[in-house]
Structure formats: structure tokens, C-alpha cells
Amino acid sequence: VHSLEVSITGFLNEQYAYKTSMDVRRTFKYKRENGEFIGAFAPYGYRKAPDNKNQLTVDEPAAQVVRDIFSLFVHDGLSKSGIARRLNELGIPNPTAYKRALGLRYENPHAKENDGYWNPTTIARILQDPLYIGTLRQGRQKVISYKVHKRAAVPECDWFTVENAVPPIVDTAVFQ
């Protein structure tokens, strides 16, 4: 009888975990479709609104760096390496160092080797991200299941893309 109780309890716990996982996924899907930000940390150039953690507002000091990156690339013709070098010479912290300087406990897989310096890859990521013209793209990765916590890439056609979801930092013409 005892092993039967354990089996039933295990089954009920499993069902509860599954149902909770589905509820959370449904909520996230709804928020993404409506242009609500669901990430733990706001992207560089933005902050979570103080009254609504699912809404992004412009973080002016970082937004100015984003505008400068676009200007150096578009108007001054600097390469991505040249822009990274310029920002490093000026002592401007890269996005990870900036978030940490704000007191955020920001971690990412590359953070351990992060030295606070800009690199061409980070510059390229900023120059190619339509977030800076107001288009929020989410759902680029997914957790495989509530049992397997590994992440898997999602095809671009399945991303949640919402235009005008956030205030733009650069003009569309400059972005193009």
C-alpha cells in the first residue's frame, strides 16, 4: 500500500509541475504577443519602468552611447573594431560592466571572461538589433521542458516580434 501511495503522490506532483509549467508558458506567450518585456534584465540602452517591470523606458546615458555607436558607424564610417577601440579609449564600460556598475547582479555565459571592454561582436549586435528602432523581438530561445532546463534555439519565424513596443533610440533611416 505504501508504494502505491508514493506512486500516486509522485504522479500528482508530476501533473502539478506540468500544469504550472503550461500556465507559465501561456502567460509568457500572452505577454510577448502584447509587446511586454519578460526578460530578467533590460537590454542595453533601456531600463525597466519603475511602475511596470514588463515595460521598457530609455536609459539615457546608455542610449546616448547607442546613438554614438550608430553615428560613428553611419556618419563617420568607423568599422566595428574602430568603434570598440574608440569606446574603450574613452573609458566607456561595455553593457555587462555598465549593468554591474548600476548594482545589478547581471550574469551571462561570457561574463566570467568579461573585462569591461567593448569588442566588435558587441558593436555588431547593437547595430543589427531592431530594438533600437522600437521593435521588440523575444522568444529566440526556449527551455526544452520543465524537466530539462537546457535552452534550445527557436527558428526566427517563431520569434515574437512587436513593432513600436518600446521607445526608439535611433531613427529608422539611420538604422537601415
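Mentor: Helices and strands here are DSSP runs, numbered from the N terminus. Keep in mind that this is a predicted model.

Trainee: Which residues is asparagine 54 in contact with, leaving aside neighbours within four places in sequence?

Mentor: Those are Lys31, Glu36, Phe37 and Ile38.

Trainee: Now the core. How many residues does the largest nonpolar core have?

Mentor: A nonpolar core is a set of buried residues joined through their side-chain atoms. The largest one here has 29 residues, and Tyr44, Ile69, Trp118 and Tyr132 have the most contacts inside it. Helices H2 (60-74), H3 (80-89) and H5 (120-128) each supply at least two residues of this core. H2 gives the most, with seven.

Trainee: What does tyrosine 44 touch?

Mentor: Setting aside neighbours within four places in sequence, tyrosine 44 has contacts that include Val65, Pro93, Tyr98, Trp118 and Tyr132.

Trainee: Last one: how much space lies in the second largest pocket?

Mentor: About 210 Å³. It has 15 lining residues, and Ala42, Tyr46, Arg47, Leu102 and Leu104 are the closest to its centre. Strand S1 (46-49) and helix H4 (95-101) each supply at least two residues of that lining, with S1 giving the most, three.

Trainee: How many of the lining residues are nonpolar, polar and charged?

Mentor: The lining of the second largest pocket has ten nonpolar, one polar and four charged residues.

Technical notes
Residues numbered from 1 in each chain as written. Predicted model: local features only at pLDDT ≥ 70, side-chain atom pairs only at ≥ 80, totals over all residues. Heavy atoms only, no water. 1 Å grid on protein atoms, 1.4 Å probe; cavity = no way out; pocket = protein on both sides within 12 Å on 5 of 7 lines; lining within 4 Å. Points joined across faces, edges and corners; volume = space filled by probe spheres on them. Helix = DSSP H or I, 4+ residues; strand = E, 2+ residues; numbered from the N terminus. Nonpolar A, V, L, I, M, F, W, Y, C, P; charged D, E, K, R; others polar. Core = buried A, V, L, I, M, F, W, Y, C linked by side-chain atoms within 4.5 Å. Buried < 20%, exposed > 50% of the residue type's maximum accessible area, 1.4 Å probe, protein only. Contact = heavy atoms within 4.5 Å.
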